[in-house]
Amino acid sequence: MNFDLTEKNLGYVFKDKQLLKRALTLPSACKSYNNQTLEFFGDAILEFIVSEQLFDKSADEGELTDRRKAIVSDKALEPVSRRLGLDEALYKGNGDDNNKKAVPSAYEAVVAAIYLDGGMAAAKKFVLNTLDFSVTDDDPNYKGGLQEWLQSRGKEKPVYPKVQNVGTAQKPWFKTEIKVEGNVFKGCGATKKQAEQNAAKAAVEWIKEQGL
């Protein structure tokens with residue numbers, strides 16, 4: 001089995017290719033050899049790495065817990081997995097196309113596989129290079145709010161030009177801009193959605209400052 005493209009996307013070359021294959025194998029494809037235990041182990045490793053990254057002696061424990069929960073949630077891990085092409089690399093049984101847990105879980109399984117293959121240093125490098133640490137649970141929907149504000153004033157909704165990836169395959173970084181009331185507002189982020197949200201956020205904050 002050729003894993004060259006997957007390894008290129010991950011930014012890590014496995015010494016034991018079977019670990020990667022197992023991390024990408026769903027129970028529907030093989031009941032005796034799949035990624036469930038790797039997912040379990042990877043979840044713990046991921047929480048440790050994120051906790052270490054967020055750790056601040058002066059921070060509130062509850063706030064740190066909430067931030068970690070948001071960063072490692074299925075909602076946050078799914079776009080990361082898709083960006084790495086894990087959704088396309090999964091081995092699954094016939095008809096197993098609606099397993100919403102499979103895509104984010106693949107990332108956790110890969111974290112464990114990398115840890116077992118290359119140790120904590122390799123796992124940490126992978127997570128820090130691929131995970132979006134800016135995610136929060138309570139991010140307002142700035143795009144939706146901006147669109148509602150414009151529509152309520154009879155104005156056209158903003159057009160988001162093609163989002164540009166100015167990062168790398170291992171660590172993407174996207175940028176975009178929108179024009180509102182004759183002003184240009186720029187946004188950047190680890191995902192296309194985040195870049196658009198940040199551009200909309202800049203516009204919304206300007207609108208509030210102007211009292212419009």
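**Aromatic contacts in a predicted model**

View 1. Phe185 is buried, at a relative accessible area of 8% (buried: under 20%, exposed: over 50%, partly exposed: in between; 1.4 Å probe, protein chains only). The model is predicted: local features need pLDDT of at least 70, side-chain atom pairs count only at pLDDT 80 or more, and totals for chains, interfaces and linings use all residues. Residues are numbered from 1 along each chain as its sequence is written, and side-chain values use heavy atoms, without hydrogens and water. Phe185 and Trp206 form a tilted aromatic pair, 5.7 Å centre to centre with 55 degrees between the planes (ring centres of Phe, Tyr or the six-membered ring of Trp within 6.5 Å; planes under 30 degrees apart are stacked, over 60 edge-to-face, the rest tilted). Because Phe185 belongs to strand 3 (residues 183-189) and Trp206 to helix 10 (residues 192-209), the pair ties together parts 21 residues apart in sequence. Helices (H or I, at least four residues) and strands (E, at least two) are DSSP runs numbered from the N terminus.

**View 2. Phe41 and Tyr115.** The structure holds four aromatic pairs. In the pair of Phe41 and Tyr115, the ring centres are 5.4 Å apart and the planes stand at 90 degrees, so the pair is edge-to-face. Phe41 in helix 3 (residues 36-54) and Tyr115 in helix 7 (residues 102-118) are 74 residues apart. Phe41 is partly exposed at 32% relative accessible area; Tyr115, at 28%, is also partly exposed.

**View 3. Lys21 over Tyr91.** The charged end of Lys21 sits over the Tyr91 ring, 5.9 Å from its centre (NZ of Lys or CZ of Arg within 6 Å of the ring centre and within 35 degrees of the ring normal).
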